[in-house]
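Subject: Structure for your review

Dear colleague,

Please find below the structure that I am handing over to you. My notes on what was found in it follow directly after.

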Amino acid sequence: MTAVINFLITVFVIFCLIRTINVLGNKLSRREEIAAEPVTKQYSYCKSELSIAAIRCPHCTSELE
């Protein structure tokens, strides 16, 4: 009987540790997603994806605002 109780306590403690590690990992990954700024933008004239720092479209060669 004691062995069963010790086993259940051990399983519960391991479950709580793994759950805590997963929750902390999810919080850290969400912070990285939020902190990331966009590096591209959609150009409406020729529908191409451009770098934010671009001043000319490489596809249609028109100047960007």
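In these notes a residue is called buried under 20% relative accessible area, exposed over 50% and partly exposed in between, with a 1.4 Å probe and protein chains only. By that definition M1 is exposed, since its relative accessible area is 79%. M1 is placed in the segment before α1 (2-35); helices (H or I, at least four residues) and strands (E, at least two) are DSSP runs, numbered from the N terminus.

The model is a predicted one, in which local features need pLDDT of at least 70 and side-chain atom pairs count only at pLDDT 80 or more, while totals for chains, interfaces and linings use all residues. Residues are numbered from 1 along each chain as its sequence is written, and side-chain values use heavy atoms, with hydrogens and water left out.

As to confidence, pLDDT is the predictor's confidence in each residue, from 0 to 100. The chain has an average pLDDT of 83, and 92% of the residues score at least 70. Within the chain, α1 has the highest confidence, at 89, and β1 the lowest, at a mean of 77.

M1 also belongs to a nonpolar surface patch of about 790 Å², together with I5, I9, F12, V13, F15 and L17. The areas come from the Shrake-Rupley method with a 1.4 Å probe, and for residues only the protein chains shown count as cover.

R19, in helix α1, is exposed as well, at a relative accessible area of 55%. Its C-alpha atom is separated by 40 Å from that of Q42, 23 residues apart along the chain.

Strands β1 (residues 40-43) and β2 (residues 48-51) pair in the antiparallel sense over 4 bridges; pairing requires that DSSP finds at least two bridges between the strands. K41 has L50 as its bridge partner, and Q42 stands opposite E49. The two strands form a hairpin with 4 residues between them, and K47 in the turn has a positive phi of about 60°.

Y43, in β1, is buried, with a relative accessible area of 10%. Beyond four places away in sequence, Y43 touches S48, L50, C57, C60, S62, E63 and L64, a contact being heavy atoms within 4.5 Å.

Kind regards

Definitions and conventions: Patch = residues over 30% accessible without salt bridge, like charges linked within 9 Å, V, L, I, M, F, W, Y side chains within 5 Å. Salt bridge = Lys/Arg side-chain N within 4 Å of Asp/Glu carboxyl O.
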